[in-house]
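Let's take a walk through this fold, one piece at a time. Keep the structure open beside you as you read.

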Amino acid sequence: MASSARPHAGSKMREFELIRTLKTRYGATHPSIVRGIGDDAAVIASSRNRYHLLTTDLLAEGVHFDQRTAAFGDIGFRAATANLSDIAAMGGAPEYLLVSLAPPRDARGRQVTQFYDGLMAACRVHDVKLIGGDTSASRDGWFVNITLIGSVRSGHVLFRSGARPGDDLYVTGTLGDSRVGFQLLQRRRGAAGARFLTPRHRRFLIQRHLRPTARVREGRWLSTVPWATSAIDLSDGLSGDLRHLCTQSGVGALVELSALPISPACRRYALAVKRDPATFALAGGEDYELLFTVPTRQRGPFERASARHRMRVTRVGTMTPAKEGLRMTLPDGRQRKLPLSSYEHFRPSP
């Protein structure tokens, strides 16, 4: 029991093992804490009819962003989107923002202003108000910490833990675009494929990386209808985030690779670099789409309602008993174990 709650002193640190350890050893319990460590946001009971949602993200230069591939306005926009997406995954409305910023000593005032301009451009769409934060100085690179507070009606929160075997697995939007957009900006692995893209496709992919959309409208709608049983946002990639949802729900999953929604631009790039576009969809993080489940018996009503509300959703698989693990069906009908190819801190990138 002790070994599962505390990593071996000599072992290498793993992100999600660390989170589990912190939850086991230090996670608080209280009647007001509806959900603590382990979901997209913490859920605190604030009244009989309303819950607070709280989420935070720490962003470090060289890990989460790079000045060579993103302007400060884009860095701010993406930082806000990461938190907005967490609130969206819980079905909530984002409301208040706190920002702590530690620039290096040679930073310029205009860089800080551009960062906040981008940050608030993402937040203003959802009427999020900046209410505080902190400033410091860094000896090496920029550090940003954002805390976002939202709310949701009690009884309408979307958790990672509600999926059941037999539920359909859905995703919003398209997958893999942000990863390809980042490769294009790096001008390394993406250089060869870029020659085969139209200017419109190139702009689309880069914009999907620099200015991603938080699916707040979709998340709030899902929380108001009676069908969604669980949800998570895709910040680390489908193969990894699906694992989190399955772990919290105690289920397995079978993903249909041929069903994954992939944009024409991403497909064209994959063809140019001789890669299966599904690999970008499985591994690509920071698309900030929503992954969620709906009981199979509700498929018809759910899909008709989502179409009426102009929600772009795609059924990509089925939830299975936990003993079956996470698997994928190849286009030729064969089944394989779903590889873990998503991003994780303290582990080399795939």
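Start with Cys246, which is buried at a relative accessible area of 3%; here buried means under 20%, exposed over 50% and partly exposed in between, using a 1.4 Å probe and protein chains only. Cys123 is buried too, at 1%. There are zero disulfides in the structure, a disulfide being a pair of cysteine sulfur atoms within 2.5 Å.

A word on the source: this is a predicted model, where local features need pLDDT of at least 70 and side-chain atom pairs count only at pLDDT 80 or more, while totals for chains, interfaces and linings use all residues. Residues are numbered from 1 along each chain as its sequence is written, and side-chain values use heavy atoms, leaving out hydrogens and water.

Now find helix 12, residues 299–308 (helices are DSSP runs of H or I, at least four residues, and strands are E runs of at least two, numbered from the N terminus). Its Phe302, Ala305 and Ser306 are buried. They sit on the same side of helix 12, because they cover an arc of only 100° around the axis, taken from the directions from the axis to the C-beta atoms. Turned away from that buried side are the exposed Arg304, Ala307 and Arg308. The cover over the buried residues includes strand 7, helix 8, strand 10 and strand 11. Just after helix 12, Arg310 takes a positive phi of about 55°.

Notes: Contact means heavy atoms within 4.5 Å.
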